[in-house]
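User: Hi, I've just opened this one up and I'd like to go through it with you. Can we take it question by question?

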Amino acid sequence: MFKELKILRHHGKQYIKDLRKQSISPLFRGRPLISGKISEEEIRAAAAVCPVRAIDSSSGSIDLGRCVFCKECAFLLPESIGFTNDYRIACNDRNDLIIKPGDNNLVKINEKKIRKEIREIFKGALKLRQVSAGGDNSCEMELAASCNVNFDLGRYGIDFVASPRHADGIVITGPISVNMSRALELTYEAIPEPKIIILAGTDAISSGIFEGSPAIDRRFPEKHHIDLFVPGNPVHPLTFINGIMDLLGIRK
Ligand code: SF4
């Protein structure tokens, strides 16, 4: 008995108390910072090493929806490009994932673009069905971690469910392979209205390194309104959790 109590005391509190303010390793690659003084030559060099065309070769901006956070650009130009450990990079406007040189603004949800019914209906409880559409299981593992004892997303009534008929929305991971496109559409159709669509991870947002592959079918995200983009390769649980909390208007 005393032994168990001693272990419990040693472990301390297992859950993260404030998911909004949790500090994170400085090694984490989050929101990038690009110097406003970056030269055209440097931009061209950085764009050339980027494996996924995330750097615009004329403006020097970085698209977080494409970036795989390999940091090759920052290794090449440490004076001009860096990555902060700011994990709050989810948003609902695809254009807000473009980080321009000299830009040090936080990535935020655009309140005006949130569908009215989302906050009216789902603020107290949100059930999500996850579909791995050709994913590599990395984002899937991080999403599962969102519900573990540390992150405990369930404290806000937000959970993953097995059936789309019990879900309020869909969380898509992976670049959406041809073989999964029909299954994805069927899953989406089975969810009752109004349904939320979340793209989690670089692959889901832009197809990442698989862009242009004949094995990829991007018709689903092109056809449907996307409620939340969660960048990351893979996504960090705190990025996902904070993105959903912002979308639902949960402050703490
Ligand atoms: S960190 Fe992102 S922008 Fe930089 S080279 Fe890698 S993928 Fe491209």
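**Loops, strands and cavities**

Analyst: Let's start with a loop: N137 sits between β5 (126–132) and α5, where helices (H or I, at least four residues) and strands (E, at least two) are DSSP runs numbered from the N terminus. Residues are numbered from 1 along each chain as its sequence is written, and side-chain values use heavy atoms, with hydrogens and water left out. This is a predicted model, so local features need pLDDT of at least 70 and side-chain atom pairs count only at pLDDT 80 or more, while totals for chains, interfaces and linings use all residues.

User: Which helix gives the most to the lining of the second largest cavity?

Analyst: On a 1 Å grid over the protein atoms alone, a cavity is a set of points where a 1.4 Å probe fits but cannot get out, and lining residues have an atom within 4 Å of a point. Here the lining includes N137, S138, C139, E140 and P234. With 3 residues, the top contributor is helix α5 (residues 138–146).

User: Which residues on the two sides of β8 are buried?

Analyst: In a regular strand the side chains alternate between the two faces of the sheet. Strand β8 (residues 196–200) has 5 of its 5 residues buried. Both faces are covered, with I196, I198 and A200 on one side, and on the other I197 and L199.

User: What is the bridge partner of I170 in β8?

Analyst: Two strands pair if DSSP finds at least two bridges between them. Strand β7 (residues 169–173) and β8 pair in the parallel sense over 4 bridges. For I170, the partner in β8 is I197.

Technical notes
1 Å grid on protein atoms, 1.4 Å probe; cavity = no way out; pocket = protein on both sides within 12 Å on 5 of 7 lines; lining within 4 Å. Buried < 20%, exposed > 50% of the residue type's maximum accessible area, 1.4 Å probe, protein only.
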